[in-house]
Amino acid sequence: IFIIGILIFKLKIEKILKASLMEQLKIENLDASMTPKTSFEAKIYRKFKSVGFDAAAVYQSPFNMLAKDSSSLILSDVEESAKSAKKKLFYIKEFSKISAKTAVIITKEEVSFDIPSVTEKDFLDMNQKDIKKIARTK
């Protein structure tokens, strides 16, 4: 039953993104009206853009931001509180596995999850190579 639920969720995400998650996702297919909802999300969004990623805010999914360059796609959950991030952790982890995409959680406070996570402070000091490296850990 759980796997059926994940597959239905995947189909819903594919419909929202207008792309297959098992193929290379093209950021330009995303709805341009999707912008970060909070100032914290906007700060992370601007950082992704400043280091060379195409970025998009997405909602109705376990993650709320996508970052893409020519060779990778990173699913990100950008949450001010660790508690909010922890609530989505299982879904982000499973979605990352099913879609074969890397994921990273970015929070204001330091957390320790079984998927890559980084604090806002550390993230803002990273370059594109550092971000890709942290997303591939664990």
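**Exercise 1. The salt bridge of Lys 43**

With which residue does Lys 43 form a salt bridge, and how far apart are the closest N and O atoms?

*Solution.* The model is a predicted one, in which local features need pLDDT of at least 70 and side-chain atom pairs count only at pLDDT 80 or more, while totals for chains, interfaces and linings use all residues. Residues are numbered from 1 along each chain as its sequence is written, and side-chain values use heavy atoms, with hydrogens and water left out.

Step 1. Apply the criterion: a salt bridge is a side-chain nitrogen of Lys or Arg within 4 Å of a carboxyl oxygen of Asp or Glu. The partner of Lys 43 is Glu 120, with the closest N and O atoms 2.8 Å apart.

Step 2. Locate both residues, taking helices (H or I, at least four residues) and strands (E, at least two) as DSSP runs numbered from the N terminus. Lys 43 belongs to helix α2 (residues 39–50) and Glu 120 to helix α4 (residues 120–124), so the pair links distant parts of the chain, 77 residues apart.

Step 3. Classify the accessibility: buried means under 20% relative accessible area, exposed over 50%, and partly exposed in between (1.4 Å probe, protein chains only). Lys 43 is partly exposed at 32%, whereas Glu 120 is buried at 10%.

**Exercise 2. Aromatic pairs**

How many aromatic pairs does a search of the whole structure find?

*Solution.* Step 1. Rings of Phe, Tyr and Trp (its six-membered ring) pair if their centres lie within 6.5 Å; planes under 30 degrees apart count as stacked, over 60 as edge-to-face and the rest as tilted. The search finds 4 aromatic pairs.

Step 1. One of them is the tilted pair of Phe 63 and Phe 95, at 5.2 Å centre to centre and 45 degrees between the planes. Phe 63 is in the loop between β1 (54–57) and β2 (65–68), and Phe 95 is in helix α3 (residues 82–99), 32 residues apart. Both Phe 63 and Phe 95 are buried.

Step 2. Phe 90 and Tyr 91 form an edge-to-face pair, at 5.4 Å centre to centre and 80 degrees between the planes. Phe 90 is partly exposed at 40% relative accessible area, and Tyr 91 is partly exposed at 47%.

Step 3. Ring pairs also link Phe 48, Phe 53 and Phe 123 into a cluster.
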